[in-house]
Structures are given as C-alpha cells and as structure tokens.
Amino acid sequence: MGQGGEPRRPQPRDGELGAAVARAQDGDETAFAVAYRIVQPGLLGYLRGLVGEDAEDVASEAWLEIARDLGRFRGDGAGFRGWTATIARHRALDHLRRQRVRPRAARLEQDVLELPGRHSTLDQALESLSTARALELVRALPRDQAEAVLLRVVVGLDGPAAARVLGKRPGAVRTAAYRGLRRLARQLGTDGAPDADPPPRGEPG
C-alpha cells in the first residue's frame, strides 16, 4: 500500500531495471537497451496521452536527453521511471508550446483528500487503459486528472513519485487520479458497481 492507504501497483521489473541502469552508467550499451525496453512502453503511453500522434517523436527527444544525462541520475529502478517521466513531460510541454497549444489550466485540488481503498470500478478502469480508445478518453480529461492517471497507471509510478514529476503534493495527485479514473470508468461503461465509494468529504466523483 502507498501513502494514505492508496493501492500501489507493483512494478516487478524494477530490480532488473535498477541493475541495468547501474551497468549502463558504467558504459554498458546492452544494459541501456534493456532499460529502454523496460521503460519505453509506459513512457510512450504517457506521451500519447499528452501529445497524441507525436508521442514517438517526443519520446525520441526525451531518450536523447536521458542518454546524455544518464551519469547524473542517482536512484533505483523506480526512481529511474520517475526521472525519465519528468524528462519526457518537459519535452512534451515544450512540444505543446511549439505548437502554440496552451495547456489546460488545472483546477485547484484539496490536498487533504485521499484515495479510498481498491475496489472493482477502479480495477476495471485500470484494465481498460491499455486500449487506444482509453488513451484518447484520458486525453480528454482535465489536464491534472489526465497526467495523474497516466503517471499512476501507464508509467506505473506510486503517488509520491507521480507528485514529484508534477511538482504537486501527493494528496492533490491522489484526488486527481481518483476523479479521472471515476470519469473514465463512467465513459467506458464500468461504473455501475455500488462499491465505488465517492471521494471523502462529499467531493463529487
């Protein structure tokens, strides 16, 4: 369980990823390729949610920066996921600025709110996120919700790590992820279960 009782989706290859990154920092190109293969699917999914069909171009820019600055990274496999997501996010925002697309303003969130425990509506929404249609639906969410869902579910970061990428408090990210998943579940037709409790303190889902 993550902070605040939130369900944490474990990343079983983080140990392998951390070892590969350490070898890559010593100049092992094969190890860098291993790290790339582990991280790239989630990173590409995250970028598709941000920039759509330009995701591969933005990912290429991000990986050039990741390779250039690899020696500066300090941390384990989970930390590497967060570090690469931060770089990818910066490249995506640069890309959007170049296209003169103003990022949608995030609504203020109440940082004290917590995600409730795991329940079937959330599980069903997570399982559906692998589809291209779901990514398009995620892109239509308010930006704060979309990024929270993508970082938590697609990249596989826990709440505190996602908060660091976004420069927000974990409570705000938990709230945004909950609201985004509830909205996504409704759009995917999986929000009929009565055990999907509303957010605390009477917040709307």
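Mentor: Before we start, buried means under 20% relative accessible area. Keep in mind too that this is a predicted model.

Trainee: Okay, how many residues of helix 8 are buried?
Mentor: Helix 8 covers residues 159–166, and it's mostly covered. The buried ones include P160, A163 and L166.

Trainee: At the start of helix 8, which backbone nitrogen does a side-chain oxygen of D158 reach?
Mentor: The oxygen gets to within 2.9 Å of that nitrogen.

Trainee: Switching to helix 1 and helix 2, at what angle do they pack?
Mentor: Helix 1 spans residues 14–25 and helix 2 spans 29–51, with axes 7 Å apart. Their crossing is left-handed. The angle is about 145°.

Trainee: How many residues of that contact are nonpolar?
Mentor: Helix 1 brings residues including L17, A20 and V21, while helix 2 brings F32, I38 and V39 among them. Two of the contact residues are charged and no polar ones turn up. The nonpolar count is ten.

Trainee: What does the pLDDT of the protein chain average?
Mentor: Residues 1–8 stay under 50, and residues 192–205 are below 50. Still, 70% of the residues score at least 70. The chain average is 77.

Conventions:
Residues are numbered from 1 along each chain as its sequence is written. This is a predicted model: local features need pLDDT of at least 70, side-chain atom pairs count only at pLDDT 80 or more; totals for chains, interfaces and linings use all residues. Side-chain values use heavy atoms; hydrogens and water are left out. Axes are lines fitted to C-alpha atoms, for helices over the stretch in contact, and angles run from 0 to 180 degrees between N-to-C directions. Helices (H or I, at least four residues) and strands (E, at least two) are DSSP runs, numbered from the N terminus. A crossing is left-handed if the near helix is turned anticlockwise from the far one by less than a right angle, and right-handed if clockwise. Contact means heavy atoms within 4.5 Å. Ala, Val, Leu, Ile, Met, Phe, Trp, Tyr, Cys and Pro count as nonpolar, Asp, Glu, Lys and Arg as charged, and the others, Gly among them, as polar. Buried means under 20% relative accessible area, exposed over 50%, partly exposed in between (1.4 Å probe, protein chains only). A polar contact is a pair of N or O atoms within 3.5 Å; within protein, one must be able to donate a hydrogen and the other to accept it, and residues adjacent in sequence count only if both atoms are side-chain atoms. pLDDT is the predictor's confidence in each residue, from 0 to 100.
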